[in-house]
Amino acid sequence: MNYDCVVIGGGPAGLTAAIYLARFHLAVIVLDHGQGRAASIPITHNHAGYPEGIAGCDLVRQMRLQAERYGAKFRVAEVTSLERNGDGFIAMADGEFVEARAVLLATGVVNHRPPMPDDLHTEALEKGLIRYCPICDGLEITDKDVGVVGTGQRALNEALFLRSFTARVTMISPRDTHDLSREQLATLARHGIEVFSGPISGIDLKENRIIVGLPGASMTFESIYPAMGSDIRSELAGALGAKRTEVGCVEVDWHQRTTIAGLYAAGDVVLGLDQISSAMGQASVAATTIRNDLCEQRIMLRT
């Protein structure tokens with residue numbers, strides 16, 4: 001089918017864009033594989049307008065219902081390729097072609113997880129024993145025993161950030177050594193952050209605690225933060241030749257345009273603050289830009 005815009009990704013960025021585009025009387029479809037990060041958030045207290053907090057799955061569901069109310073279409077499908085088709089694009093989604101004049105990439109990122117079974121990881125996430133965003137939920141670990149799993153500058157920055165919420169922060173390398181200089185180790189020590197090396201032999205849950213197994217010992221925390229990086233889902237943009245940063249973020253201008261005409265990006269797939277509110281703001285800009293750019297190609301008049 002032909003659409004004005006295909007939105008790839010059904011998280012807060014993609015859904016915000018779908019709401020805007022549908023309300024602009026554009027034909028829009030959201031293609032989503034159903035594995036986005038937002039839906040896995042047990043509850044967020046950081047989203048404005050929800051003083052009691054809201055579960056990620058509930059937020060995504062309500063946003064989708066809102067987009068559908070105005071005519072946006074949805075399909076659960078993974079987009080495996082994206083190609084040029086004249087001035088537009090063709091997306092291959094689970095073996096079917098979807099054509100559109102414009103494409104918005106809202107494909108996000110995938111966090112690197114600590115070594116543990118998927119079902120145990122899900123349970124730990126639901127209980128707040130594993131957390132991925134100290135900006136979102138640092139307040140919830142105030143004065144608790146917290147572990148940061150990772151090494152190098154990324155993990156050091158996260159440990160120091162968490163140190164403003166609790167005095168009990170420990171940094172654990174998932175490997176048998178830490179990638180830290182003497183200066184970095186001195187910084188951690190100066191701020192009262194203990195440092196231990198792995199490798200991590202296993203992770204288990206017991207009541208309201210998470211247990212990290214190390215050589216000859218185990219450590220118990222009220223929550224751990226994996227600081228192990230992530231994979232940026234920007235392969236579709238790369239295949240089209242869109243410019244990306246060294247780490248894989250899609251480069252965009254102030255209006256969320258990529259370096260490929262007709263291709264836009266918003267949310268965690270672009271460089272910026274990985275926050276729901278930020279993703280929604282970028283998506284509103286992207287959707288408005290898409291509407292205006294399409295109108296320049298063919299003016300839209302109500303009859």
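**Threonine 170 and the cysteines**

Let's start in strand E9, which spans residues 169-172 and holds threonine 170. Keep in mind that this is a predicted model.

Is threonine 170 buried or exposed? It is buried, with a relative accessible area of 7%. What does threonine 170 touch, leaving aside residues up to four places away in sequence? There is a run of three, Val146, Gly147 and Val148. Then come Glu194 and Phe196. Met219 and Phe221 complete the list.

Now the cysteines. How many disulfides does the structure hold? One. The bond joins cysteine 133 to cysteine 136, with the sulfurs 2.5 Å apart. Look at the torsion about that S-S bond. The angle is about 70°, so this disulfide is right-handed.

Cysteine 133 is buried, at 17% relative accessible area. Cysteine 136 has 26% relative accessibility, so it counts as partly exposed, because buried means under 20%.

Next, cysteine 5. A disulfide needs the sulfur atoms within 2.5 Å. Cysteine 5 is also buried, with a relative accessible area of 0%.

Cysteine 249 is in no disulfide either. Its nearest cysteine sulfur is that of cysteine 133, 15 Å away. Cysteine 249 has 6% relative accessibility, so it counts as buried.

To recap: threonine 170 is buried in the model, and the disulfide links cysteine 133 with cysteine 136.

Methods
Residues are numbered from 1 along each chain as its sequence is written. This is a predicted model: local features need pLDDT of at least 70, side-chain atom pairs count only at pLDDT 80 or more; totals for chains, interfaces and linings use all residues. Side-chain values use heavy atoms; hydrogens and water are left out. Helices (H or I, at least four residues) and strands (E, at least two) are DSSP runs, numbered from the N terminus. Buried means under 20% relative accessible area, exposed over 50%, partly exposed in between (1.4 Å probe, protein chains only). Contact means heavy atoms within 4.5 Å.
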